[in-house]
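Good morning, and thank you for making time for this item. I would ask you to look at the display while I go through the main points.

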Amino acid sequence: MIYSTIYKLQDAYRIATADIPGFDYNSPIYNERFDLANRAQYITQANLADAVAEDYIVDTSINLTGGNYSTSTGTYTAATLDISAITMNAVFTSGDVGKKIGFRIGTSTYLARIAQVIGTAEIVIAGNSLPAGNGTVADLIVFASNLPNSSSIDISSIGLLRYGSELAWQIVSDATQSVNMMSRESFERFTPSWYGNVNAIVWCLVGTKILFNQGSNLASLGNITLRAPVLPSVLTADTDYLRMLDGAMCNIFITVYRNLIMRRIPGMNVKADVDELASQIQALFQSRGMQIKEEVVADKVKALISA
Amino acid sequence: MSRTVQSNIISLLQRIDPTLKDGTTVIAAGNIATWASTAGAKFNPQQVVDFYNEGRTALANAVDLHYPEPLKGTVLGGLAQLNASLTFTSGAAPKPTGFIKSVFLSDVNNAQITINPIIMIPRLKDLETSTNRMVFDYGSSFSALTGTTNIPNAATYKLSYYGITTFVLSDVTGGATVEQFNDDWFPKIIQLAEAVANEQGQQAVNALAAQLVQGMLK
């Protein structure tokens, strides 16, 4: 994630509002400065992603990490599918709903998912082939929410910039250097034992899940890292630096921010800074050695001021 | 701001009631105490002070209504006030006497707290945090929606505002109290106070005030 080294949110707010004639500093807009700034960030990034998407690439580990485990036994009630009085290394929270769990009653092991968190030591579970009778639960494990399941990983919790979708993404594994994206059709026809595939990992994106398959020589997928552009992180403090690259991007952001602020002022005749934005967009592309046609600039300006 | 309230009142009296009760002695600085104790030929002293105060208020309101924000600050600079010991108790603070319009409310560290009209409550209520504070303008006080949660009890809040002093008779007889308005506004105050004295209605006085301040804009 990139950050401006110059502009904090408070700087951008001061500059944007100083350009608005007669701006009332004691106004509700001050309380909305975070909302508006975050919206301006999304608008700016989304409309200029063709030039700046790479700036927002981050590595996200999508391995099985972060699960919890029990440190005592608990009580299972079959009628209500309830596990209670169980001590975990980290107490249950509402964020655990939907996570997969494994546990043992006697010599039998079970898989389920958390349907409801009743309290810090009590959950209701759901699943198939769960115990029919009451019992004492031992060795309960809560798997991380990004647990690979049937060779798929849910990435819905990552705020990904979907510009260019998976074409702009890269996945790396420490198990092999051959990690390749495939179309869904090719993925379905992948043959793990074919000599060209035996050391390869392949993947394809389906909705919010990445499906994986691996060659027959590989014992596992290894540690997987998703390298993809993400949305700007949310600004929550006046001292947060803008998630924009210094230079043209910050200038464009401030212009978009000012435009959003002016729209909230009753009676304000919003004058779109068309020329200013157009020249800044030109500057952005030129600074990256890219060409952009005038009509494309015009489209981007329109999108930035009407979003 | 060097004209005194006394000199302004004497100027007003020259227009609406120039002599003492005897009908012959012209009111001046030298006999202002006599005027205060015996009244003029036409009006009693408190009436005259009331006319003067009403004229000033009409002028301040007209400037607030008709001037653009930065210019307003310049014109009303004499009315700018700082209360550096505004007291919030249980999330509420009383408006200062003579309050016209708030400019900036902050805590002791100059962290801003906005003052909003109550119509903004539905729009803003979910945005309040300890670093995004707000109060609402309720009658004679400013009140926080969440009590002391984000506006702790303290007597160190700072309020910059425009406020108008209501002068009393002793401000006239004392001779030292200085008018808040800048000197170039003096003729307009007199003109408006005269209109009040001539029993023109509030609507006519406000219209005259608007005409006078807009004339200054051109």
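The model is a predicted one. For chain A, the mean pLDDT is 88, and 94% of the residues reach 70 or more. There is one stretch to treat separately: over residues 146-150 of chain A, pLDDT stays under 50. Where pLDDT is low, predicted coordinates should not be read in detail.

Let me turn to the overall form of chain A. Its secondary structure comes to eight helices and 14 strands. The C-alpha trace spans about 75 × 55 × 30 Å along its principal axes. The radius of gyration of chain A is 25 Å, whereas a compact globule of 307 residues would have a value near 19 Å. Of those 307 residues, 29% count as buried. As for contacts in chain A between residues at least 6 apart in sequence, 66% of them join residues at least 24 apart.

Is A:M244 buried or exposed? A:M244 is buried, because 27 other C-beta atoms lie within 10 Å, and the threshold for that class is 20 or more. Leaving aside residues up to four places away in sequence, A:M244 touches A:S4, A:Q41, A:T44, A:M249, A:C250 and A:F253. A:P232 is 12 residues from A:M244 along the chain, and their C-alpha atoms are separated by 8.1 Å.

I now move to chain B. The domain assignment gives domain 1 (5-74 + 165-217) and domain 2 (79-163). Taken over C-alpha atoms, the centres of domain 1 and domain 2 of chain B are separated by 32 Å. Five residues of domain 1 of chain B are in contact with four residues of domain 2 of chain B. The side of domain 1 that touches domain 2 has one nonpolar, three polar and one charged residues.

Lastly, the interface between the chains. How many residues of chain A are in contact with chain B? There are 11, and they meet 17 residues of chain B. Helix α2 (residues 28-31) of chain A gives the most to the side of chain A that touches chain B, with three residues. By class, that side of chain A divides into five nonpolar, four polar and two charged residues.

Definitions and conventions
Residues are numbered from 1 along each chain as its sequence is written. Chains are lettered from A and ligands numbered from 1 in the order in which they are written. This is a predicted model: local features need pLDDT of at least 70, side-chain atom pairs count only at pLDDT 80 or more; totals for chains, interfaces and linings use all residues. Two residues are in contact if their C-beta atoms, placed from the backbone, lie within 7 Å. Helices (H or I, at least four residues) and strands (E, at least two) are DSSP runs, numbered from the N terminus. Ala, Val, Leu, Ile, Met, Phe, Trp, Tyr, Cys and Pro count as nonpolar, Asp, Glu, Lys and Arg as charged, and the others, Gly among them, as polar. pLDDT is the predictor's confidence in each residue, from 0 to 100. The radius of gyration is taken over C-alpha atoms; the globule rule is 2.2 Å times the number of residues to the power 0.38. A residue is buried if 20 or more other C-beta atoms lie within 10 Å of its own, exposed if 12 or fewer, and partly exposed in between; C-beta atoms are placed from the backbone. Domain bounds come from an automatic or database domain assignment.
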